[in-house]
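The following questions and answers are intended for a reader who meets this structure for the first time. Please keep the sequence and the model in view while reading.

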Amino acid sequence: QVYEAGYIGISWPEAYGGRGMHPDFQRIATQCMRRHDAPIMINAIGNGWAGPLFLDIGSEEQKRRYIKPMLAAEEIWCQGFSEPEHGSDLGSVQTKAHREGNEYVINGSKSWTSLGDRAPQMILLARTATDGPSKYAGLSFFIAPMKVPGVETRRIKKLTGEYGFVQCFFTDARIPADGLMAEEGQGWMVAMKTLEYERG
């Protein structure tokens with residue numbers, strides 16, 4: 001495996017499964033893998049988006065729970081941002097989340113989700129309020145387990161005949177409340193921070 005060989009997570013802290021080295025070592029390893037046409041890293045959402053987010057703003061418990069399995073590809077991650085009626089207009093997200101005790105109840109759907117039928121974990125953008133000063137104000141950001149009752153995935157057939165994406169449906173799906181990243185209503189800020197990792 002790439003992780004076992006020491007070529008991924010090189011600059012991430014040793015305490016969470018990384019190597020604790022300077023980021024330049026990761027850049028060199030990544031360039032070498034590209035040059036030799038190494039296979040694509042299947043856990044791109046985890047290693048490129050969720051992992052850096054946890055390292056940046058996650059709790060100590062979240063870092064210890066999620067990062068090493070992410071690097072070792074023991075847990076694949078997917079992204080629940082886009083929706084069927086709104087595409088990439090994240091400010092118009094309609095998937096709803098409301099809190100009941102130690103859980104959030106999720107209802108809605110997400111589309112164009114790579115590996116959504118295989119990933120046990122999703123980073124999810126959902127609406128927790130509708131009465132804010134703007135459409136961005138009521139969004140919240142969650143770690144959402146996918147293998148829970150009320151979550152269904154359906155494969156989307158592309159024009160090429162391939163099935164590269166899925167649509168995810170949430171029907172009274174319950175996720176742990178401690179999966180909320182930052183605070184309720186700060187989902188737009190967390191989502192923008194996450195997209196910064198993708199771009200750089």
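By class, the lining of the second largest pocket comprises 12 nonpolar, four polar and three charged residues. The model discussed here is a predicted one.

Q: Which strand gives the most to the lining of the second largest pocket?
A: This pocket holds about 390 Å³ of space. At least two lining residues come from each of H3, strand S1 (77-80), strand S3 (103-113) and strand S7 (165-176). The greatest contribution, three residues, is that of S1.

Q: What is the volume of the largest pocket?
A: The lining of this pocket has 14 nonpolar, nine polar and four charged residues. For the largest pocket, the volume is about 950 Å³. Among its 27 lining residues, the closest to the centre are Gln26, Thr30, Arg34, Asn47 and Gly48. The value asked for is therefore a volume of about 950 Å³.

Q: Which helix gives the most to the lining of the largest pocket?
A: Three helices each supply at least two lining residues: helix H2 (23-35), helix H3 (44-57) and helix H5 (187-199). With seven residues, the one that gives the most is H2.

Q: Is Met33 buried or exposed?
A: Met33 belongs to helix H2. Beyond four places in sequence, Met33 touches Val2, Tyr7, Ala38 and Met41; the C-alpha atoms of Met33 and Tyr7 are 8.8 Å apart, although 26 residues separate them along the chain. Because the relative accessibility of Met33 is 18% and the cut-off for burial is under 20%, Met33 counts as buried.

Q: Is Asp37 buried or exposed?
A: Asp37 is placed in the loop between H2 and H3, and its phi is positive, near 55°. Most residues other than glycine have a negative phi. Since the relative accessible area of Asp37 is 67% and the cut-off is over 50%, Asp37 is exposed.

Q: What is the phi of Leu115?
A: Leu115 is not a glycine, yet its phi is positive, at about 60°.

Q: How far does helix H4 reach from its first C-alpha to its last?
A: Helix H4 covers residues 60-71, which is 12 residues. At 1.5 Å a residue, a span of 16 Å is expected. The span in the model is close to that value, at 17 Å.

Q: Which residues of H4 are buried?
A: The cover over the buried part of H4 includes helix H1 (2-5), H3, S1, strand S4 (121-127), strand S5 (139-145) and strand S8 (180-181). After H4 comes Ala73, with a positive phi near 60°. The buried residues of H4 are Gln62, Lys63, Tyr66, Ile67, Pro69, Met70 and Leu71.

Q: Which element provides the largest share of the largest nonpolar core?
A: This core has 27 residues, and those touching the most other members are Phe54, Trp77, Phe81, Ile123, Leu125, Phe141 and Met181. Two or more residues come from each of H3, H4, S4, S5 and H5. The largest share, five residues, comes from H3.

Q: With which residues is Phe81 in contact, leaving aside neighbours within four places in sequence?
A: Phe81 is one of the residues that touch the most other members of the largest nonpolar core. Its contacts are Trp49, Leu90, Val93, Lys110, Ile123, Leu125, Phe141, Ala191 and Leu195.

Q: Is Ser92 buried or exposed?
A: Ser92 lies in the loop between S1 and strand S2 (96-100). Not counting residues up to four places away in sequence, Ser92 touches Glu83, His86, Arg127 and Lys135. Because its relative accessibility is 14% and burial requires under 20%, Ser92 counts as buried.

Technical notes: Residues are numbered from 1 along each chain as its sequence is written. This is a predicted model: local features need pLDDT of at least 70, side-chain atom pairs count only at pLDDT 80 or more; totals for chains, interfaces and linings use all residues. Side-chain values use heavy atoms; hydrogens and water are left out. On a 1 Å grid over the protein atoms alone, a cavity is a set of points where a 1.4 Å probe fits but cannot get out, and a pocket is an open set with protein on both sides within 12 Å along at least five of seven lines; lining residues have an atom within 4 Å of a point. Helices (H or I, at least four residues) and strands (E, at least two) are DSSP runs, numbered from the N terminus. Ala, Val, Leu, Ile, Met, Phe, Trp, Tyr, Cys and Pro count as nonpolar, Asp, Glu, Lys and Arg as charged, and the others, Gly among them, as polar. The expected span of a helix is 1.5 Å times one less than its number of residues. Buried means under 20% relative accessible area, exposed over 50%, partly exposed in between (1.4 Å probe, protein chains only). Contact means heavy atoms within 4.5 Å. A nonpolar core is a set of buried Ala, Val, Leu, Ile, Met, Phe, Trp, Tyr and Cys residues joined through side-chain atoms within 4.5 Å.
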